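This report covers strand pairing in one model. It starts with terms, then takes the strands in turn.

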Amino acid sequence: ISDQKPLGCWSVKHGQILTCPVVCNFETHEYIAVHDDKVLRIWKNEDINLDKAFKATLSADVYRIHSLPQGGPVVLFRGGAARTLDVLLEAPQQEIENLISAEVIRWSGAFMEGQQPVLIFTTEKDRDFFVYVQKPKLGSLHKYKLGQQESAKPLCFTAHMTNQTVTLLCLYSNASVYQVLIPLQQDTEEEEEEEKEEILSKSLLLNLSVSGTVLKGTSLVVLDKDYVAVLGSLAAPGNKPKEYLTIWNTKFQTLQTSKELPLGTSGQLWCYEEKFFLIHGKVLTVIMYKCETSSLAAAVGKLKDSQTLDVSSFVNWNTLGDEEPVVSFQSQESVALKAESRMNLRTRSSTVGEQSGTLSVGRLLLKLKNASTFVLETELRQLMAKAPTPDLQATIGCVVTAVIDRCKTNPKYYPQHFLQEIVETRDLSYSLCPDLMAIALEKKDMHLLQICLERFPDIPEEITYACLKAFLSMSEDHLESIDINLDSAICYVDVEFNDMEVKTEILENGFSAEMDQDMCDTKIPKESWSDGESCPVGLRKAALLNAVLHSAYTETFLLPHLKNLPAQQAILFLRYLYYLYVKCSEKVNTTLPGVRSPTINQIMDWMCLLLDAQFTVMAMLPEAKDLVSNLHKFVRAQVRFYSELNKMEGSLRELQRLNLLRESQTYSIEVLEII
């Protein structure tokens, strides 16, 4: 998400409408969707055409599908009935009962009680609200009525379950959050509960008021037992309402932190694995957070003590920009805390109970802020060595970010070998240290860029293009003085590429220059063909370009950047791709020797992408004309050669069939003519 890389895309036919959110089956790794209320679709990530995916038409309209990690998917119908997916697929047209009469479902959630899935959903009828608790596998259903609130109605619901009790939180139109406790009934009480409609009492949990100004919430999510997040608008007197994301401590009725969303939202907020998901403007924004142990000292101290550490990292606001939070609990945000806020943040169960004598990552980095280079690198190496396994990735990302921040503040400081050591020995990603490759480009650290391109799985296309442009613009003489890993190119590129001799070996897959001349009826100039035989770049530049070819990309996002590649660099890159293509075609298995050498598919994909992006340049520049012409002739010869092989396939299969029919004891001489 952080690098805008679409991993899959599927669409229904024109006229069809997806009528409930798509979910993932955690057990089978399949996607489950419903379109047109009743049509169920199930497919896997490798499936391309949704229309050919599994299809089942149900007998009733589906409201929502809930997927539980250990309980499997549960389907909730608009009539209040629920079925597990396995039971439903056994007979898709089975009769589905209507349990809620004229009521309309407003919200639903699902939890696991031991091995049993539990569904909870709320309904509305004539301004009355009802709560249902259902166990699909046991066939039990309990109905409750939600007590009315004078001059206010529920806007949204959320819930969590602890110790056999469902805690339902209701956000009301009077800017208040109410709490309702629903104990899970025993199955033996089912009949009694069906006859008696119990009225649930609610208690006021939170008033959404900021300095006397009311927050009109639109969405509510639970973070843990002491914290909730509310998305809503805050209207100051005489000013236009502004939207905010706020986090509240329900235990002490305090506002933990908040952030203005100037581009506006859709009014929806999601929370999953300690990350917020919301629509900000026209983009999906993801914000990491971590919940601290709730205590009165912490709640009060953050409002008074600007030197309190580890506070600003409750939420990583970096995703939204550099604006200050509405309620700032720390006036001087240190480099260390900024670094810590980018970690893969995890809930702290006992922050107060940290071991005495040890410093948190944020505190240690703050202490080392002005330390010497030797002391800094020594302490950071010890920090990474001592980091506990669950937080290892977060700690390393924090360390790299701290080092990069020092590089920005002190231009003379750049620990090249230290950074290379971390990237080579640790399992990092671009999102853990997003400024690393930018600083490497600024310092022209080609070796570090090569390592990152080979190891990071989530590099944005903009950075990939920047690396490609830097590699192509770097002079061969300058590259000779740089230490670069040559394993991907040394087996097929001569070190002295300027004096490279034209090879005269017989090509194993049937292609030769003479064959191409015969097929194309055009004589290929010897000079231009020799360009295809010799590598147009040096060994070191070839190794760097190979790293670019290995990096993952999405064509939609890379193509606009490639259009900006200077003409001469585009031609040089195409010449190198053409050289690799010829080299691959020399062998039957179309595989280049060496470690992490480009594959034929990578070469072809990049060649097509470059031609699409630079079509006008290749068509207009005289120096590109011969190159594109030779490439065209070579590809046409390859196509014809494989076409001839396809013609022989039928004859070879017939020969194989005759060999199977032949009697092993009969001697014969047969002549087969292959036409």
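## Terms and basis

Two strands pair if DSSP finds at least two bridges between them. Strands are DSSP runs of E with at least two residues, and helices are runs of H or I with at least four; both are numbered from the N terminus.

This is a predicted model: local features need pLDDT of at least 70, side-chain atom pairs count only at pLDDT 80 or more, and totals for chains, interfaces and linings use all residues. Residues are numbered from 1 along each chain as its sequence is written, and side-chain values use heavy atoms, with hydrogens and water left out.

Strand β20 spans residues 242-249.

Strand β19 (residues 227-234) pairs with β20 over 8 bridges, in the antiparallel sense. Leucine 234 sits opposite lysine 242 of β20.

Strand β21 (residues 254-260) also runs antiparallel to β20, joined by 6 bridges. Tryptophan 248 has leucine 255 in β21 as its bridge partner. β20 and β21 form a hairpin with 4 residues between them. In that turn, glutamine 253 has a positive phi of about 55°.

## The β22-β23-β24 sheet

An open sheet of 3 strands has the order β22-β23-β24, with antiparallel pairing. β22 (265-271) and β24 (283-288) are the edges; each has a single partner strand, so one side of each lacks a neighbour in the sheet.

β23 (residues 275-280) pairs with β24 over 6 bridges. Phenylalanine 276 has isoleucine 287 in β24 as its bridge partner.

How values were computed:
Buried < 20%, exposed > 50% of the residue type's maximum accessible area, 1.4 Å probe, protein only.
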